[in-house]
Amino acid sequence: MATEPKYDVFICFRGRDCRDEFLPNLVKSLKGAGIVPFLDEDTEKGVGIRPQLLAAIEESWSSIIVMSKRFATSTHCLGELEVILEKNKTSGHPVMPIFYRVDPSDVKKQKKEFKRAFTKHKKEERGDQVNRWKDALAEFGNLVGWVFPSPKYR
């Protein structure tokens, strides 16, 4: 029998882009609805962050991925994205995409900021890993999600 999830939702995000503005409102809304989120601020200090984040993904019923302009500059974010999408394929882990101030087409086709980020990753000789991250971004860009703010309000 499967263990009950510790968290309702794991939130994957690039802190520089949305920690101060968007994320507090999202978390407040989730908690107000009785939804228990995992955030990186819940990690134990003095312990490696990557194993804790991977464990939190496994301990979460679902994931929200907040795709933002600098998301692809973070190897942590790209790694989380890859793990979350794999979990979605293998066990039906629900994924809720939010495109925060980015066009889903730019994500899918790796244009603009995403292209620049991958150019840098290639220079750092991350090889096959870069290809897996690009595949994950293309897959994510094909998901139906929420675009915030909506293009008609930009």
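Tyrosine 100 is buried, at 2% relative accessibility. Here buried means under 20% relative accessible area, exposed means over 50%, and partly exposed lies in between (1.4 Å probe, protein chains only). This is a predicted model, in which local features need pLDDT of at least 70, side-chain atom pairs count only at pLDDT 80 or more, and totals for chains, interfaces and linings use all residues. Residues are numbered from 1 along each chain as its sequence is written, and side-chain values use heavy atoms, with hydrogens and water left out.

**Overall build**

The protein chain has 7 helices and 5 strands. Both come from DSSP runs numbered from the N terminus: helices are H or I with at least four residues, strands are E with at least two. From the N terminus on, the order is β-α-α-β-α-β-α-β-α-α-α-β.

The C-alpha trace spans about 40 × 40 × 30 Å along its principal axes. The radius of gyration is 15 Å, which agrees with the value near 15 Å for a compact globule of 154 residues. That radius is taken over C-alpha atoms, and the globule rule is 2.2 Å times the number of residues to the power 0.38.

Buried residues make up 40% of the 154 residues. Contact means heavy atoms within 4.5 Å. Among contacts with a separation of 6 or more, 78% join residues 24 or more positions apart.

The open sheet has 5 strands in the order 2-1-3-4-5, with parallel pairing. Strand 2 (37-38) and strand 5 stand at the edges with a single partner strand each, so one side of each is left without a neighbour in the sheet. Two strands pair if DSSP finds at least two bridges between them. Strand 1 and strand 3 pair in the parallel sense over 6 bridges. Tyrosine 7 stands opposite serine 60 in strand 3.

**The cores**

A nonpolar core is a set of buried Ala, Val, Leu, Ile, Met, Phe, Trp, Tyr and Cys residues joined through side-chain atoms within 4.5 Å. The largest one has 28 residues, and Ile65, Met67, Leu81 and Leu137 touch the most other members. Several elements each supply at least two residues of this core, including strand 1 (7-13), strand 3 (60-67), helix 4 (75-91) and helix 7 (127-141). Another core of 14 residues lies apart from it, with Val9, Phe13, Val27 and Ile98 among them.

What does leucine 137 contact, leaving aside its neighbours within four places in sequence? Its partners include Met67, Leu78, Leu81, Phe114 and Phe118.

**Aromatic pairs**

Rings of Phe, Tyr and Trp (its six-membered ring) pair if their centres lie within 6.5 Å; planes under 30 degrees apart count as stacked, over 60 as edge-to-face and the rest as tilted. The count comes to 6 aromatic pairs. Two of them share phenylalanine 148.

| Pair | Centre distance | Plane angle | Class |
|---|---|---|---|
| Phenylalanine 22 and phenylalanine 148 | 5.1 Å | 40° | tilted |
| Tyrosine 100 and phenylalanine 148 | 5.9 Å | 10° | stacked |

Phenylalanine 22 lies in helix 2 (residues 22-32) and phenylalanine 148 in strand 5 (residues 146-148), so their pair ties together parts 126 residues apart in sequence. Tyrosine 100 sits in strand 4, and its pair with phenylalanine 148 in strand 5 links parts of the chain 48 residues apart.

Is phenylalanine 22 buried or exposed? Phenylalanine 22 is buried, with a relative accessible area of 11%. Phenylalanine 148 counts as partly exposed, at 40% relative accessibility. Elsewhere, Tyr7, Phe10 and Phe38 form one aromatic cluster.
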